[in-house]
Amino acid sequence: MKLVIGIVRPEKANDVLEALYRAEVRGVSLSRVQGHGGELDRVETYRGTTVKMGLSDKVRFEIAVSDDFVQPTIDALCDGGRTGEVGDGKIFVVPLERVVRIRTGETDNRAVTPVGA
Amino acid sequence: MPAQIDTGDTAWMLVATALVLVMTPALGLFYAGLVRGKNPLNTFMMCISAIAVGAITWAAVGYSLAFDGTGDLVGGLGHAFLKDVTFEPRDEMTIPHLLFMAYQATFCILTVALISGAVVERMRFGAWLVFAALWSVLVYAVLAHWGFGGGWLIEGGTLDFAGGIAVEMGSGFSALAAALVVGARKDYGRQALLPHNSVFVLLGASLLWFGWFGFNGGSGFTTGQNSVLAFTNTMLCPAACLLAWFALDAIRGRKVTAVGAATAIIVGCVLITPAGGFVSPGWAIALGAAGALPCYAVIVWRPRTRVDETLDVLAAHGIAGFTGILFIGFFAQQNWNAISDGLLYGNATQLKWQALAALAAPVYSFVVTFALLKVVGLVMPLRATELDESIGMDVTQHGEEAYASGEGAILVSPEAGIEEPVPVADSA
């Protein structure tokens with residue numbers, strides 16, 4: 001079991017979701033985050049104040065999967081999230097110690113397998 | 001008849017002009033609420049820029065082409081750059097000529113802003129400015145001449161109280177052409193593109209209704225009976241349209257929606273725009289209720305097509321204006337308007353002239369707008385790049401965000417230039 005964390009552009013979030021559904025990855029959480037990954041800063045001006053926006057909006061996917069689904073999940077994140085420009089984001093894969101499905105008490109692989117799969 | 005200024009009329013028209021002008025920012029708010037959260041500033045700016053562009057083109061040549069003389073198709077250039085537009089009233093009017101010009105300018109401005117609803121979220125701001133300037137002269141001024149200024153429709157006998165021809169059909173059918181030439185947003189039909197702030201939508205629509213009392217109530221140019229009738233009908237017709245819309249919403253989706261209500265306010269105001277000073281209050285209520293149906297049908301049908309006429313200007317203005325113009329042909333009443341009866345009261349000729357207007361205005365606005373945008377498109381790109389469109393038009397067109405938090409923003413002092421600020425995120 002792994003936790004796959006993908007940080008992508010907000011405007012690509014829908015494409016990533018679509019790719020994940022196609023790869024039959026169903027359990028997904030996402031949150032809006034801000035980050036900086038080496039992309040060129042945007043310059044914005046409000047009256048006399050000019051600022052460089054050092055942080056960009058990103059969307060963070062968190063997907064807990066069984067080992068067989070790690071590669072398909074990574075592929076979906078890459079396919080859906082890539083534009084080729086700096087700032088497309090990163091994927092982190094970390095081991096999972098334990099997973100519990102709250103409704104049934106199922107644990108580990110059974111808990112990360114979608115209902116009905 | 002010697003021209004004589006009436007102070008009461010003039011006072012009302014000064015207020016009415018300001019009321020109509022505020023409709024354009026109100027429309028900006030309405031439109032801004034309907035787009036996604038990355039585009040409200042650009043959407044609002046398209047409306048604000050219509051004031052900048054439209055007021056100037058109107059003073060330069062638009063007013064003259066619309067209101068100088070009684071040429072069949074277009075007016076003259078006698079009033080170009082406001083030549084001879086002074087404090088003396090126009091023939092048979094009781095307000096200063098200058099005020100009449102300013103009042104009419106606010107109509108031109110609003111109509112230009114209306115079309116932006118068809119192309120929001122992807123049209124380049126620069127290309128929009130160029131289009132807006134040319135459209136205000138080539139389409140609006142010509143249609144205003146036909147309907148108000150002494151052109152073939154008004155001289156023939158078409159009744160159009162406040163702009164069913166130039167404003168409503170002019171914007172609605174131009175919007176359809178603009179949507180076709182500029183093309184759909186890249187995510188259209190693939191993703192749900194939802195309004196990001198429905199409170200803005202309701203607030204904008206309500207403020208538009210408020211301004212509409214000056215739009216319709218001022219279009220008699222006096223404080224006389226036609227103005228009072230139009231003013232009152234501007235309350236009754238949208239109210240009836242709201243009730244009808246509630247019913248249609250409830251039948252279709254079992255719930256009465258807020259964005260639907262905002263749309264109904266606009267549709268109701270548009271329906272009564274041409275008819276305001278010509279039909280009885282009872283018929284105004286009937287118009288609001290019956291006119292909701294065709295507009296509702298088009299609003300439900302349009303998103304199932306490939307035409308991304310984004311904010312449904314065609315349905316809310318084109319179809320509603322068309323309906324209102326035809327309605328006059330049936331239900332106008334001489335004992336209310338002192339001018340003419342419709343078919344129901346024995347005057348079939350009125351219906352003929354209303355039908356002619358309802359055919360000519362859509363054809364002219366669609367064809368000329370289509371050609372105009374094709375030509376502008378040869379000179380400059382009409383659309384933002386796909387990348388810019390996906391990042392959002394606020395940041396890419398204006399370098400601002402509607403909802404900037406300031407988190408991660410590094411102050412750039414003007415004299416230091418923007419070469420080497422320290423990114424705060426890296427210090428962690």
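## Basis of the description

Helices are DSSP runs of H or I with at least four residues, strands are runs of E with at least two, and both are numbered from the N terminus. The structure discussed here is a predicted model. For chain B, the mean pLDDT is 94, and 96% of the residues reach a score of at least 70. For the complex, the predictor reports a pTM of 0.90 and an ipTM of 0.74. Where pLDDT is low, predicted coordinates should not be read in detail.

## Overall form of chain B

Chain B contains 15 helices and 1 strand. Its C-alpha trace extends over about 80 × 55 × 40 Å along the principal axes. The radius of gyration of chain B is 22 Å, which agrees with the value near 22 Å for a compact globule of 428 residues.

Of the 428 residues in chain B, 54% are buried. When contacts between residues at least 6 apart in sequence are considered, 75% of those in chain B link residues at least 24 apart.

## The bent helix α4

Helix α4 of chain B covers residues 125-149. A straight helix of 25 residues, at 1.5 Å a residue, would span 36 Å, but the end C-alpha atoms of α4(B) are only 31 Å apart. The axis of α4(B) bends by about 40° at W135(B).

## Two loop residues with positive phi

E92(B) is a residue other than glycine with a positive phi, near 60°. It lies in the loop that joins α2 (40-67) and α3 (97-115) of chain B. E92(B) has 9 other C-beta atoms within 10 Å and is therefore exposed, the cut-off for this class being 12 or fewer.

D312(B) is likewise not a glycine, and its phi is positive, near 55°. The residue belongs to the loop between α10 (281-301) and α11 (313-331) of chain B. In contrast to the exposed E92(B), D312(B) counts as buried because it has 23 C-beta neighbours inside 10 Å, where 20 or more are required.

## V228 in helix α8

V228(B) is located in helix α8 of chain B, which comprises residues 225-253. It has 14 C-beta neighbours inside 10 Å and so counts as partly exposed. Although V228(B) and G277(B) are 49 residues apart along the chain, their C-alpha atoms are separated by 7.9 Å.

## Contact with chain A

In the complex, 20 residues of chain B are in contact with 15 residues of chain A. On the side of chain B that touches chain A, the elements giving two or more residues are α14 (386-391) and β1 (409-412). The strand β1(B) gives the most, with 4 residues. By residue type, this side of chain B divides into 12 nonpolar, 4 polar and 4 charged residues.

Technical notes
Residues are numbered from 1 along each chain as its sequence is written. Chains are lettered from A and ligands numbered from 1 in the order in which they are written. This is a predicted model: local features need pLDDT of at least 70, side-chain atom pairs count only at pLDDT 80 or more; totals for chains, interfaces and linings use all residues. The expected span of a helix is 1.5 Å times one less than its number of residues. The bend at a residue is the angle between axes fitted to the seven residues ending there and the seven starting there. The radius of gyration is taken over C-alpha atoms; the globule rule is 2.2 Å times the number of residues to the power 0.38. Two residues are in contact if their C-beta atoms, placed from the backbone, lie within 7 Å. pLDDT is the predictor's confidence in each residue, from 0 to 100. Ala, Val, Leu, Ile, Met, Phe, Trp, Tyr, Cys and Pro count as nonpolar, Asp, Glu, Lys and Arg as charged, and the others, Gly among them, as polar.
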